[in-house]
Amino acid sequence: MADAAFAIELKGISKAFGPVQANKDINIAVPKGTIHGIIGENGAGKSTLMSILYGFYKADSGQIFVNGQLTPIPDSQSAIRAGIGMVFQHFKLVQNFTVLENVILGAEEGQMLNTSLAKARSELERLARDYELDVDPDALIEDLSVGHQQRVEILKALYRQAEILILDEPTGVLTPDEADHLFRILKGLKDQGKTVILITHKLREIMEATDNVSVMRRGTMVATVKTAETSPEQLAELMVGRKVLLEVDKGVAKPGEVVLKVEDLRVRDEHKVERLKGVSFEIRAGEILGIAGVAGNGQTEVLETLGGMIRATGKVTMKGQPLPLQGKGADGQSRREAGIAHVPEDRHHHGLILDFTAWENVAFGYFNDPQYQKNALFMDNDAIRADTEKKMATFDVRPPIPTLAAKSFSGGNQQKIVVAREIEQNPALLLIGQPTRGVDIGAIEFIHKQIIALRDAGAAILLVSVELDEIMSLSDRIAVMFDGKIMGFRDPETTNERELGLMMAGVTGKGEAA
Amino acid sequence: MDYATLLQILDSTLRLATPLLLACIAGLYSERSGVFDIGLEGKMLVAAMCAGAVAFYTGSAWIGALAGIAGSLLFAAIHGVTSITFRGNQLIAGVALNFLASGMTVLVAQSFFGQGGRTPPLEGAARFNPIHLPFAEAVKDVPIIGTFYHEVISGHSILVYAAFGIVALTWWVLYRTRYGLRLRAVGENPAAVDTAGVSVKGLRFSAVMITGILCGLAGAYMATALQAGFGKEMTAGRGYIALAALIFAKWRPVAAMYACLLFGFFQALALRPDVVEAVVQFKVPVPFLDALPYVLTVLVLAGFVGKAIPPRAGGEPYVKER
């Protein structure tokens with residue numbers, strides 16, 4: 001028997017993908033009319049569990065109860081019928097359809113479109129009034145901001161009369177302001193008696209928005225607690241299974257001479273759209289400059305230009321020497337020779353070759369390193385393997401096996417391999433993008449420590465991250481980017497998330513020139 | 001060039017555009033659903049052979065057309081199973097089916113009829129014969145309009161008129177019905193369709209089957225209306241020209257009609273090099289006229305005539321991701 005006071009009750013859910021047990025005997029009960037958080041590290045099994053609830057995967061065993069009724073959910077259609085709506089992390093929208101067309105897709109009234117479109121139009125007006133969910137029904141999805149696209153996803157679920165709404169990592173792509181707005185919407189839904197399940201790895205959101213929180217670790221449900229009776233520290237410990245330092249332990253920076261000076265950097269993409277519109281900044285030795293901003297506002301282009309991946313115009317000097325931005329010398333190899341190490345934002349596409357072994361990956365970019373050469377013709381693979389073993393030990397990569405393919409490591413350990421390769425070169429300048437994306441809390445702590453240590457050793461560091469927390473805790477100075485420009489510089493000691501959030505949304509503070 | 005010659009050329013334009021149009025609209029369904037189909041040519045060829053053979057045995061063009069559709073559907077089903085069910089490479093599957101069709105049609109026709117890979121000539125009810133539209137005789141002496149109606153519009157087989165009807169029908173289905181919305185969606189973002197609780201495979205299969213039916217009509221038209229019987233490689237690249245027209249038309253039905261008329265016009269011109277020479281005052285090689293559709297398509301693909309953006313999920317088998 002199940003209790004009808006629970007909107008969702010899962011009993012003994014297990015799911016394996018081949019040898020990997022993604023969910024092990026999961027039990028969870030979500031009371032009606034609450035916001036329930038599910039938190040866990042990457043790969044803890046949160047998304048798998050929710051995909052089972054939405055009929056995307058079939059559980060190997062276990063039962064699902066909706067409103068106290070045993071409800072098998074073999075496909076998404078059954079989930080929708082049971083009143084479950086899902087907002088995926090990657091939106092499931094048709095880019096060149098209008099908002100209306102996306103909303104009715106799959107929930108049309110009859111064979112003809114006209115009646116469905118008219119009904120949806122009036123229904124959307126009502127939902128916009130009730131829940132602050134206003135979007136132009138005739139706008140094309142590709143013209144909308146991500147925040148608005150997410151609203152369309154919520155509208156899709158509500159249009160299908162969802163009583164239970166699942167959101168998978170909803171704030172990853174939002175500015176702090178948009179995230180606040182989202183939480184207001186969720187609050188409104190809760191007040192109307194709807195149940196919300198919020199999946200996230202951000203402790204702050206759990207503390208702010210939820211009534212109860214369930215913690216997952218390595219495929220099991222570790223605990224379910226009332227949010228009011230727990231603390232971020234306790235949740236972090238439950239997630240990782242040991243005590244974790246949430247605050248970065250960092251001494252005062254001792255900036256030295258200017259290492260990198262960037263003036264009027266401009267980049268056009270292949271469609272001739274200007275992605276960088278005159279960016280200027282400098283970084284000193286022993287200093288971390290953090291660039292904050294919503295993804296896609298030019299941070300990537302800054303990293304890729306300095307890393308020698310794309311061409312640009314402007315003037316860049318490294319310790320007084322000009323760095324070519326076009327043609328000869330504007331490639332990754334020359335940059336490395338100039339003392340620039342680069343941890344790219346997308347480790348799967350640019351940081352590693354997943355099918356290659358760890359030791360091969362460790363040699364990437366440094367093939368010409370004298371310590372890797374046997375003689376004029378041959379490389380010394382044994383030396384590379386030995387070096388890899390050393391780096392793996394220093395960076396606590398698990399398992400410490402150099403001959404294992406990169407794809408066999410977890411996200412956190414893959415990132416440690418890339419970070420180890422770059423930091424261990426003792427670069428004068430480290431470019432590091434999204435250092436902890438998809439990395440578990442334990443590894444985040446470790447990578448942060450290494451970045452600080454490199455700074456204290458006198459390197460200049462350019463940090464790009466969409467995680468504002470990370471920017472705030474690591475940086476010695478913060479630059480905020482919006483629409484290909486730097487909106488301004490801030491001191492992390494004196495600024496706050498609200499101010500940065502406004503700048504990330506393009507609102508200039510204190511009358512600065514944009 | 002006098003008006004009578006122009007009418008003759010326009011008349012053959014309509015006849016030559018019809019198989020292109022049927023195949024082009026056929027491809028539109030498949031490609032809009034996200035399944036690229038380079039095998040239009042092969043399906044037409046199989047349909048032409050089936051239609052020619054069965055029409056010869058039964059003496060009925062209609063039963064021949066049904067046989068053509070059946071043959072084409074079989075090939076469409078193979079393409080569907082390969083590229084939808086087993087997520088194979090759509091282009092390779094299409095190319096393989098084209099090769100299979102090219103060899104098999106001749107082999108079968110040869111073993112049945114022993115006439116060098118042809119089917120015997122068809123006559124009478126075994127062909128789709130021209131039908132004369134009402135008042136065509138009455139108005140044929142009215143200058144310009146009347147002669148145009150009599151010479152160009154009237155006097156084609158039923159399949160020609162059906163092809164243009166199918167364009168209108170397709171426009172309506174695509175933009176005014178639930179099926180059309182889902183079809184367009186599944187070619188753009190199958191995950192959106194899947195999470196909305198609609199079967200991606202079901203939709204794609206239905207689209208591929210419609211492609212099969214329309215290619216069947218195109219092939220039947222070749223063997224039992226445009227010509228009198230099946231001949232080796234008789235489609236002569238029309239499946240590829242239809243594909244080119246589809247790209248030229250940016251996957252839109254009405255534009256596809258114009259593109260096919262244009263390409264049909266080129267083909268009609270290629271049949272009358274004397275007229276072309278008279279107009280441009282120098283001798284234009286026939287192969288140049290034959291190549292024009294492809295030249296135009298290359299220009300479109302290179303971005304000189306607007307931008308042709310294919311359905312975004314086209315060519316990619318749908319795999320559920322986390």
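**Close-up views of a predicted two-chain model**

**View 1. Strands β11 and β12 of chain A.** Strand β11 (residues 258-268) of chain A and β12(A) run antiparallel and are joined by eight bridges. Strands (E, at least two residues) and helices (H or I, at least four) are DSSP runs, numbered from the N terminus. A:Val262 has A:Phe281 of β12(A) as its bridge partner. The model is predicted: local features need pLDDT of at least 70, side-chain atom pairs count only at pLDDT 80 or more, and totals for chains, interfaces and linings use all residues. Residues are numbered from 1 along each chain as its sequence is written, and chains are lettered from A and ligands numbered from 1 in the order in which they are written.

**View 2. The open sheet of chain A.** In chain A, four strands in the order β12-β11-β14-β15 form an open sheet with antiparallel pairing; two strands pair if DSSP finds at least two bridges between them. β12 (274-284) and β15 (321-322) of chain A are the edge strands, each pairing on one side only.

**View 3. Helices α2 and α4 of chain B.** The axes (lines fitted to C-alpha atoms, over the stretch in contact) of α2 (residues 40-58) and α4 (residues 90-113) of chain B come within 8 Å and cross at roughly 15°. That angle makes α2(B) roughly parallel to α4(B), a term for angles under 35 degrees. The contact includes B:Leu45 and B:Met49 of α2(B) and B:Ala101 and B:Phe112 of α4(B); residues are in contact if their C-beta atoms, placed from the backbone, lie within 7 Å.

**View 4. Where the chains meet.** In this view, 19 residues of chain B are in contact with 23 residues of chain A. On the chain B side, α8 (178-188) and α9 (190-195) each supply at least two residues.

How values were computed: Axes are lines fitted to C-alpha atoms, for helices over the stretch in contact, and angles run from 0 to 180 degrees between N-to-C directions. Angles under 35 degrees count as roughly parallel, over 145 as roughly antiparallel, 65 to 115 as roughly perpendicular and the rest as oblique. Two residues are in contact if their C-beta atoms, placed from the backbone, lie within 7 Å.
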